[in-house]
Amino acid sequence: MKWVAFPLHPETPEEGQSLEELFRGRPVDIPSMMARLKQAAADAGLPIRERGRVYNSRKATELSKWAEERGVGEAYHDAVFRAYFAEGLNIADVQVLTAICSGLGLHPAEAERVLLQGSCAPAVDRDWDYARRLGVTAVPTFLAAGRAVVGAQPYEILQKLVRLAGA
């Protein structure tokens with residue numbers, strides 16, 4: 001599996017914004033949306049907590065490229081997921097991200113340097129361009145052999161995708 005970064009809400013400020021601010025002017029039933037998300041997470045056994053804010057994920061995705069290069073990509077993605085969805089932390093905050101890196105055995109000062117220098121920004125930009133070319137509009141999106149499955153799906157659906165792709 002290869003992770004590809006996707007800009008779900010790149011306009012979100014680093015300090016975050018409320019769900020009401022994010023969806024202002026759009027016909028989104030936030031309580032229903034959150035209930036579906038909580039149920040999908042519960043069905044998958046994933047930790048999630050009630051939250052009223054969203055945060056910009058750009059810095060987290062830049063560090064994901066760095067973590068992947070160091071062989072801890074999966075653990076990094078899991079840790080960022082927990083920080084954001086289970087702990088409600090701001091994953092645009094450099095201190096939050098460097099603490100995650102430290103917990104994975106990565107040097108926090110080096111992680112901070114990666115962000116300040118933007119050394120992984122081009123890789124994220126390439127991912128964003130790739131996602132746009134493919135027409136990806138939501139996360140997660142799973143792609144295999146020209147087929148796509150969008151959103152949190154039961155295991156059987158993902159298994160079918162993999163089988164249709166020839167695995």
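# Briefing: bonds, pairings and burial in a predicted model

The whole structure has zero disulfides, a disulfide being a pair of cysteine sulfur atoms within 2.5 Å. Cys101 is in no disulfide, and the nearest cysteine sulfur, that of Cys120, is 10 Å away. This is a predicted model, in which local features need pLDDT of at least 70, side-chain atom pairs count only at pLDDT 80 or more, and totals for chains, interfaces and linings use all residues. Residues are numbered from 1 along each chain as its sequence is written, and side-chain values use heavy atoms, with hydrogens and water left out.

**Cysteines**

- Cys101 is buried, with a relative accessible area of 0%; buried means under 20% relative accessible area, exposed over 50%, and partly exposed in between (1.4 Å probe, protein chains only).
- Cys120 is also buried, at a relative accessible area of 5%.

**Salt bridges**

- Eight salt bridges are found in the whole structure; each is a side-chain nitrogen of Lys or Arg within 4 Å of a carboxyl oxygen of Asp or Glu.
- Glu50 and Lys38 meet through their side chains in a salt bridge of 3.3 Å, N to O. This pair links distant parts of the chain, twelve residues apart: Glu50 is in the loop between helix 2 (30-44) and strand 2 (53-54), and Lys38 is in helix 2. Helices (H or I, at least four residues) and strands (E, at least two) are DSSP runs, numbered from the N terminus.
- Lys38 counts as partly exposed, with 35% relative accessibility.
- Between Glu62 and Arg58 there is a salt bridge whose closest N and O atoms are 2.7 Å apart. Both residues lie in helix 3 (residues 58-69), four residues apart, which is about one turn of the helix. Glu62 and Arg58 are both buried.
- A network of salt bridges links Arg58, Glu62 and Asp125.
- In helix 7, Asp129 and Arg132 are three residues apart, about one turn of the helix, and their side chains meet in a salt bridge (3.2 Å, N to O). Asp129 is partly exposed at 37% relative accessibility.

**Strands**

- Strand 3 (residues 141-144) pairs with strand 4 (residues 147-150) in the antiparallel sense over four bridges. Two strands pair if DSSP finds at least two bridges between them.
- Opposite Thr141 stands Val150 in strand 4.
- The hairpin of strand 3 and strand 4 has two residues between the strands, and Ala145 takes a positive phi near 50° there.
- Ser18 is in strand 1 (residues 17-18) and is buried at a relative accessible area of 15%.
- Not counting residues up to four places away in sequence, Ser18 touches Gly52 and Arg53, where contact means heavy atoms within 4.5 Å.

**Thr98 in helix 5**

- Thr98 lies in helix 5 (residues 94-103) and is buried, with a relative accessible area of 10%.
- Leaving aside neighbours within four places in sequence, Thr98 contacts Pro108, Ala111 and Glu112.
- The C-alpha atoms of Thr98 and Ala60 are separated by 9.9 Å, and the two residues are 38 residues apart along the chain.

**Nonpolar surface patch**

- Val4, Tyr130, Leu134 and Leu143 make a nonpolar surface patch of about 330 Å². Patches are made of residues with over 30% relative accessible area and no salt bridge, with like charges joined within 9 Å and nonpolar side chains (Val, Leu, Ile, Met, Phe, Trp, Tyr) within 5 Å.
- Leu134 is found in helix 7 (residues 121-134) and is partly exposed, with a relative accessible area of 44%.

Notes
Accessible areas come from the Shrake-Rupley method with a 1.4 Å probe; for residues, only the protein chains shown count as cover.
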